[in-house]
Each structure stands twice: as C-alpha cells, then as structure tokens.
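Reader: I have some questions about the labels used for this model. Take them one at a time, please.

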Amino acid sequence: MTDPQNPDISLRKSPKQERSAELVATILDAAIQVLEKEGVQRFTTARVAERAGVSVGSLYQYFPNKAAILFRLQSDEWRQTTDLLSDILQGTDTPPLDRLRALVHAFIRSECEEAEVRGALDDAAPLYRDAPEAKAAKANGGRAFRVFMEEALSGTPKHVRNVAAQLILTTLTTAGKDFSESPRSPSEIESYAEAMADMFCAYIISLQTDPTCVSS
C-alpha cells in the first residue's frame with residue numbers, strides 16, 4: 001500500500017499512441033488552468049477532469065492521484081528550465097561571462113512570466129518533494145551549470161568551483177522566486193537581472209584572480 005504521506009507520483013502508463021499523448025497533454029493543460037483559477041488547495045482530479053472534458057476514469061488511466069499530476073507539471077517545468085539554461089551555457093562561441101549574463105536574464109524573465117503557476121506548484125511540493133523521482137529530477141538540474149563552471153573557473157580547484165556553483169544557483173533561484181512574487185514591469189525585470197548578473201560576473205572574476213577567497 002502507498003504511504004499517504006508519500007503518494008505514488010509515477011505515471012500509471014506512458015502514452016504510446018498520438019491520441020493517448022494528446023489526452024495527457026489535454027489533462028496537463030487543464031491542470032494548469034485549475035491551478036491558476038483555484039489554487040492548490042482546491043486542486044482535485046475531479047476538477048481537472050471536468051476542465052479537460054474527460055472522465056475521471058480516463059484521467060486515472062495515466063495519473064493515479066493529484067500528486068502525480070502536480071509532479072508532472074513540476075518536472076516539466078524543471079526540464080524546460082534546465083533545457084533553457086543548458087542551451088545558453090553550452091554556447092561555447094560566446095565568452096563564459098556573457099553566457100552567465102544571458103542565463104540570469106533568461107531565468108529571471110522566466111520566473112516572472114510563470115510566477116503564478118510556479119507559486120502554486122511550490123505550495124504543492126509537500127505532496128511529492130520526498131519521492132525518489134522528485135529528488136532525481138532536482139539533482140539533474142545543476143549538472144549543466146557545474147560543467148559551465150569547470151570552463152569559467154578552469155584554473156581553480158574543484159572545491160572552489162563547487163562552492164561557487166552552489167552559491168550562484170542558490171542565490172539565483174531564491175532571489176528570483178522572491179522577486180517574481182510581485183508583478184514586475186519589463187524595465188524592472190531588466191534592471192534586476194542586470195544587477196544580479198553584474199554581481200555574479202564580479203564574483204567569478206574575483207575567483208579567477210584569487211581562488212583562495214573561497215575556503216575549503
């Protein structure tokens with residue numbers, strides 16, 4: 001039996017035909033609409049099925065519970081963000097600090113554009129955050145950034161790169177979440193992202209000059 005505190009969040013089956021894939025996509029689109037309108041407290045499989053125009057039984061063919069739907073939305077968001085950042089970081093024709101600056105701007109814009117749904121997913125995190133699937137998805141998130149740091153700080157010890165990567169990622173995600181919780185104009189987003197990028201670039205330059213400023 002599944003622990004109610006740690007529900008099964010895996011898909012019951014993967015959609016293999018185009019029609020099945022379209023059904024899952026419809027369910028997920030409906031889930032986003034329910035989150036935006038009702039919030040996580042009133043989010044139920046019945047409301048999602050009604051919004052999608054399908055039976056609850058059809059929904060349960062793929063998602064065993066509401067936690068599975070929410071986790072799928074969250075993992076899709078993690079993957080989209082990771083793909084976005086990876087595409088920027090892997091552009092080796094551009095100098096590392098320029099890529100870092102572009103990454104910060106892209107991330108802050110994304111946070112602000114998707115703040116409403118992301119906030120609801122954060123509220124739902126207790127439903128799935130301790131599941132192995134959730135831990136694995138989050139662990140994959142920083143891989144591209146660690147590779148980037150090996151390039152940006154190629155002359156520094158590994159522990160310095162690891163500390164720098166963790167500090168930048170934690171600051172970026174925490175500050176980005178806090179900033180996006182209030183409505184922001186395009187100019188506010190641009191100014192905030194530019195200031196954060198300046199801070200990160202100055203930090204990287206300082207480590208290139210004196211890596212001993214990060215303790216082991």
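Reader: Which helix is Q74 found in?

Author: Q74 sits in helix α4. Keep in mind that this is a predicted model.

Reader: Why does Q74 count as buried?

Author: Its relative accessibility is 5%. Buried means under 20%. Q74 therefore counts as buried.

Reader: What does Q74 touch, not counting residues up to four places away in sequence?

Author: Q74 touches L121, D122 and Y128.

Reader: What makes the pair of Q74 and E77 a polar contact?

Author: The two side chains meet at 3.0 Å.

Reader: Which residues are the closest to the centre of the second largest pocket?

Author: That pocket holds about 280 Å³ of space. Of its 14 lining residues, I32, E77, Q80, E114 and V117 are the closest to the centre. Helices α1 (18-38), α4 (66-89) and α6 (115-124) each supply at least two residues of the lining.

Reader: How does that lining divide into nonpolar, polar and charged residues?

Author: The lining of the second largest pocket has 5 nonpolar, 1 polar and 8 charged residues.

Reader: How do you know that the span of helix α9 agrees with its number of residues?

Author: Helix α9 (residues 158-180) has 23 residues. At 1.5 Å a residue, they should span 33 Å. The end C-alpha atoms are 33 Å apart, so the two values agree.

Reader: Which residues of α9 are buried, and what covers them?

Author: The buried ones include V160, A164, I168, L172 and F179. Their cover includes α5 (96-113), α6, α8 (143-152) and α10 (186-209).

Definitions and conventions
Residues numbered from 1 in each chain as written. Predicted model: local features only at pLDDT ≥ 70, side-chain atom pairs only at ≥ 80, totals over all residues. Heavy atoms only, no water. 1 Å grid on protein atoms, 1.4 Å probe; cavity = no way out; pocket = protein on both sides within 12 Å on 5 of 7 lines; lining within 4 Å. Points joined across faces, edges and corners; volume = space filled by probe spheres on them. Helix = DSSP H or I, 4+ residues; strand = E, 2+ residues; numbered from the N terminus. Nonpolar A, V, L, I, M, F, W, Y, C, P; charged D, E, K, R; others polar. Buried < 20%, exposed > 50% of the residue type's maximum accessible area, 1.4 Å probe, protein only. Polar contact = N/O pair within 3.5 Å; in protein donor to acceptor, adjacent residues only side chain to side chain. Contact = heavy atoms within 4.5 Å. Expected span 1.5 Å × (residues − 1).
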